[in-house]
Amino acid sequence: MSTLVVEFSGEKVKAMWDKILIEIFCDICIKEILKGNRPEWKASKKLKGRDTGLSWNAIKRTIDASDDWWESKLKVVPEAQI
């Protein structure tokens, strides 16, 4: 049994995952990926392209880049707008 503690709405929440739940979750994820259901990943991939020097802001859950970079990229990939 795996235990994961995450913060949700300012509270620490514990999730208990046994082997069966992990397998079910992975199966669902694989089926959705095979159907092409990865919209955040697609937008992120379009945004990043071949650009280098970018990083990930784990708090904001966004790509860390200059305002100029964001302005130019969001014109090309408007679906990445929050």
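Which residue just after α1 takes a positive phi? Gly36 does, with a phi of about 90°. This is a predicted model, in which local features need pLDDT of at least 70, side-chain atom pairs count only at pLDDT 80 or more, and totals for chains, interfaces and linings use all residues. Residues are numbered from 1 along each chain as its sequence is written, and side-chain values use heavy atoms, without hydrogens and water.

**Helix α1**
- Helices are DSSP runs of H or I with at least four residues, numbered from the N terminus.

**Aromatic pairs**
- The whole structure holds two aromatic pairs (ring centres within 6.5 Å, using the six-membered ring of Trp; planes under 30 degrees apart are stacked, over 60 edge-to-face, the rest tilted).
- Trp17 and Phe25 are edge-to-face, because their ring centres lie 5.5 Å apart and their planes meet at 75°.
- Trp69 and Trp70 also form an edge-to-face pair, at 5.1 Å centre to centre and 90° between the planes.

**Burial and core**
- Trp69, at 13% relative accessibility, is buried (under 20%; exposed is over 50%, partly exposed in between; 1.4 Å probe, protein chains only).
- Trp17 is partly exposed at 26%, as is Phe25 at 44%.

Definitions and conventions
Helix = DSSP H or I, 4+ residues; strand = E, 2+ residues; numbered from the N terminus.
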